[in-house]
Amino acid sequence: MFFNSFLNALPGAVAQGLIWGLMSIGVYITYKILDIADLSVDGTLCTGGAVCAMMMISGHNVWVSMLVATIAGMLAGMMTGVFHVFMGIPPILAGILTQLSLYSINLKIMGVANKGLPSRNYDVLVSMQNVKKMPITENTLFIVLLFNIALIVVLYWFFGTELGCGIRATGSNRKMARAQGINTNMNRVIGLVLSNGIVGLSGALLTQYQGFADVSMGRGAIVVGLAAVIIGESLFGKLLKHNFALKLTQIALGGIVYYIVYQTVILMGIDPDLLKMLSALVVAVFLAIPYIKEEYFPKSYLNKGVKKCSK
């Protein structure tokens with residue numbers, strides 16, 4: 001019984017994991033590439049969803065709505081960048097300020113706390129009702145997979161350009177990058193804009209998938225994003241570490257694994273009120289794994305049976 005329920009829920013979990021995988025790639029840009037803890041994504045996800053919902057309700061095409069949602073996310077990232085770079089506010093506080101501001105902005109955009117976008121009334125691109133739909137071009141799972149592939153390809157190209165390499169250098173060593181004549185301040189702003197634009201796009205897809213936009217839909221998004229990043233690196237890091245595109249792929253895979261685990265927990269009958277706590281614990285466990293390996297299982301201990309090379 002449990003196995004049959006799991007198989008029925010698996011396509012939906014994978015589709016939702018891929019949608020959150022897009023958001024996690026945005027988190028990866030700030031958390032890993034720029035080395036900035038951007039907490040504004042909790043608000044940006046909702047902003048993308050709210051803008052997309054209101055645009056479609058007012059009669060706009062789904063593609064135009066998603067484009068505007070992405071731009072709205074980019075503007076939110078610019079707000080965080082201005083707070084941090086040009087006003088000298090620490091990145092964590094800058095993200096919190098943006099997140100708080102976006103709560104009010106999102107309420108103003110929707111006019112209410114929750115706005116419905118049912119797939120039967122609007123020509124949405126993805127929907128939970130279409131996870132198993134045929135033909136494949138109308139299948140939600142196939143569509144969000146294409147979005148992930150397209151995003152990875154674009155980011156792989158972008159971070160290979162001069163500007164993209166400058167952003168990566170800024171995150172690796174800001175002082176050295178500045179010494180090489182790289183505008184590190186502008187690169188941090190561009191990175192935040194790019195990251196939050198991707199999060200806004202993910203919010204637009206999530207709103208279509210679930211059929212509504214809610215002012216609290218982004219709450220805990222940073223935890224899910226970090227979970228996907230950490231799980232992806234922990235499970236697939238050794239296999240996919242040699243190429244930047246593969247590093248981005250492992251983030252999407254981490255999102256899928258996270259939501260499969262999430263769905264499994266729900267099917268096991270765990271109290272839904274505990275799911276946020278379980279999400280935090282999953283992130284804590286995967287964050288602690290590298291420390292535990294180094295602290296309690298050092299390489300000298302693991303390799304004690306290996307004969308040392310003579311000098």
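Predicted model: local features only at pLDDT ≥ 70, side-chain atom pairs only at ≥ 80, totals over all residues.
Which residues in α10 meet which residues in α11?

1. **α10 against α11.** On the α10 side, the residues are Tyr258, Tyr262, Val265 and Ile266, and they meet Leu275, Leu278 and Ser279 in α11. Sorted by class, this contact has six nonpolar residues, one polar and no charged. The axes of α10 and helix α11 (residues 275-296) come within 12 Å and cross at roughly 140 degrees, which makes the two helices oblique to each other. The crossing is right-handed.

2. **Glutamine 250, also in α10.** This residue sits in helix α10, which spans residues 244-267. Glutamine 250 is buried, at a relative accessible area of 3%.

3. **α2 against α3.** Helix α2 (residues 41-57) packs on helix α3 (residues 62-86) at an angle of about 150 degrees, and their axes are 8 Å apart. With an angle over 145 degrees counting as roughly antiparallel, that is how α2 runs relative to α3. The crossing of this pair is right-handed. From α2 come Thr44, Thr47, Gly48, Val51, Cys52, Met55 and Met56, while the α3 side includes Val62, Val64, Ser65, Met66 and Val68, with Ala69, Ala72, Gly73 and Ala76 also taking part. By class, the contact has 11 nonpolar residues, five polar and no charged.

4. **α2 against α4.** Helix α2 also has a partner in helix α4 (residues 91-110): their axes come within 9 Å and cross at roughly 15 degrees. The two are therefore roughly parallel, and the crossing is left-handed. Asp42, Gly43, Thr44, Cys46, Thr47, Ala50, Val51 and Met54 of α2 make this contact with Gln99, Leu102, Asn106, Ile109 and Met110 of α4. Here the classes divide into seven nonpolar, five polar and one charged.

5. **Cysteines.** How many disulfides does the structure hold? The count is zero. Take cysteine 46 as an example: the closest cysteine sulfur to its own is that of cysteine 52, and at 12 Å this is too far for a bond; a pair would have to be within 2.5 Å to count. Cysteine 46 is buried, with a relative accessible area of 0%. Cysteine 165, in turn, is partly exposed at 40% relative accessibility.

6. **Histidine 84.** This residue is part of helix α3. Is histidine 84 buried or exposed? It is buried, because its relative accessible area is 11% and the cut-off for buried is under 20%. Leaving aside residues up to four places away in sequence, histidine 84 touches Ile36, Ile89, Pro90, Pro91, Ala94 and Arg188.

7. **Aspartate 35.** Please give the backbone a look here. Most residues other than glycine have a negative phi, yet aspartate 35 has a positive value, near 60 degrees. Aspartate 35 lies in the loop between α1 (2-33) and α2. With 57% relative accessibility, aspartate 35 counts as exposed.

How values were computed: Residues numbered from 1 in each chain as written. Heavy atoms only, no water. Buried < 20%, exposed > 50% of the residue type's maximum accessible area, 1.4 Å probe, protein only. Axes fitted to C-alpha atoms, helices over the stretch in contact; angles between N-to-C directions. Helix = DSSP H or I, 4+ residues; strand = E, 2+ residues; numbered from the N terminus. Parallel < 35°, antiparallel > 145°, perpendicular 65-115°, else oblique. Left-handed = near helix turned anticlockwise from the far one by under 90°. Contact = heavy atoms within 4.5 Å. Nonpolar A, V, L, I, M, F, W, Y, C, P; charged D, E, K, R; others polar.
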